[in-house]
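Hi,

Here is the structure I promised to pass on.

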Amino acid sequence: MVKLNVKNLKFSVESKNILKDISFDVKEGSFVGVIGPNGSGKSTLLKNIYRIYKPDSGQISIDNRDLLQMKDKDCAKEIAVLAQESNTQFDFTVEQIVKMGRYPYKSVFEDYSTKDLDMVKEMLNRVGLTNHADRSFANLSGGEKQRTLIARALVQNTDFLILDEPTNHLDIGYQIQLMDLVKSLNITTLSAIHDMNIASMYCDYLIVMKNGEIINCGTVEEVITSEMLKEVFGVNAHIGENPVNKKLQVSYMHQHEHINGVGHDHVHEDRFTGVHEHEHCHKQATTV
Ligand SMILES: Nc1ncnc2c1ncn2[C@@H]1O[C@H](COP(=O)(O)OP(=O)(O)OP(=O)(O)O)[C@@H](O)[C@H]1O
């Protein structure tokens, strides 16, 4: 069943077309990654979905309901967001920030219930911030702020989660912990991701963006190929397999890489920078 449907979405700023006719579906229960180079439109796409930006045209629906027509509170019961920018200026404690995730379920003067407070406690525990509950959010490290905001998104208790580069500021331990946590919740998730190995570990499906367009989509194996990484990101990479979990694994190489390390410092007259092989007798050559 389709959870999210985006159809012919277009978005521009000052007559610059930033999103050009984007269409895709996210299946219920799936974890979909959006990959692409800096400036390709990943964040802008997600912001159109979580309604920071208003599309010029197109439709976005969640469970067949028009997302663009929903009231804010109703929308907040459908979609939780972990956004990229996390510079909250106001001075709240960590616990107060996490509690805010319960606001869609509260009327104006209604206080937090035991259930609300239990959820807050549980999520603080799951992101490793129980001992920081009374600390000022403003004084936390970037990673601690990010973990607080993850806990806030999770107490919102929605069926759909948007992560805009969720692992920004997180060390590798917390990156894996966050992604394991999200994955264990089995919530339909749409996430911008930069790290191909993280994408490979967690995503069921990938969308590749370039210049405001979707240029490819499919399973991890269909999408992450050395050709795609060269074409879209301009990098040389070897695609292998993690011997333990059998997930696709990307190893990067220098822009100018010699197979088996056989080769010498040199420049190519045609400025070629790919992976290539030299005869052993070329070891001493300075130019090929
Ligand atoms: N409000 C805005 N005003 C003007 N240009 C914008 C605005 N928002 C986005 N853009 C431009 O749209 C393009 C896409 O930006 P976006 O942030 O969506 O890319 P991204 O793929 O998320 O990049 P990154 O990987 O660096 O986060 C960029 O060229 C950006 O400068």
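Sorted by class, the shell around the ligand has seven polar residues, two nonpolar ones and one charged one. The residues in question are Val13, Ile18, Gly36, Asn38, Gly39, Ser40, Gly41, Lys42, Ser43 and Thr44. Bear in mind that this is a predicted model.

Which helix gives the most to that shell? That would be H1, residues 42-49, with three residues. H1 is also mostly covered, with six of its eight residues buried: Lys42, Leu45, Leu46, Lys47, Asn48 and Ile49. Just after the helix, arginine 51 has a positive phi of about 70°.

Now for the rest of the chain. The protein has nine helices and 14 strands, and 30% of its 288 residues are buried. Looking at contacts with a separation of 6 or more, 61% are between residues 24 or more positions apart.

As for the inside, nonpolar side chains in soluble globular proteins tend to be buried together. The largest nonpolar core here has 56 residues, and those with the most contacts inside it are Val34, Val98, Met123, Ile150, Ala151, Ala153 and Ile162. Helix H5 (residues 142-155) supplies the largest share of this core, six residues. Leaving out residues up to four places away in sequence, alanine 151 touches Val98, Met123, Leu124, Val127 and Leu129.

Cheers

Methods:
Residues numbered from 1 in each chain as written. Predicted model: local features only at pLDDT ≥ 70, side-chain atom pairs only at ≥ 80, totals over all residues. Near = placed C-beta within 6 Å. Helix = DSSP H or I, 4+ residues; strand = E, 2+ residues; numbered from the N terminus. Nonpolar A, V, L, I, M, F, W, Y, C, P; charged D, E, K, R; others polar. Buried ≥ 20, exposed ≤ 12 C-beta atoms within 10 Å, placed from the backbone. Contact = placed C-beta atoms within 7 Å. Core = buried A, V, L, I, M, F, W, Y, C linked by C-beta atoms within 7 Å.
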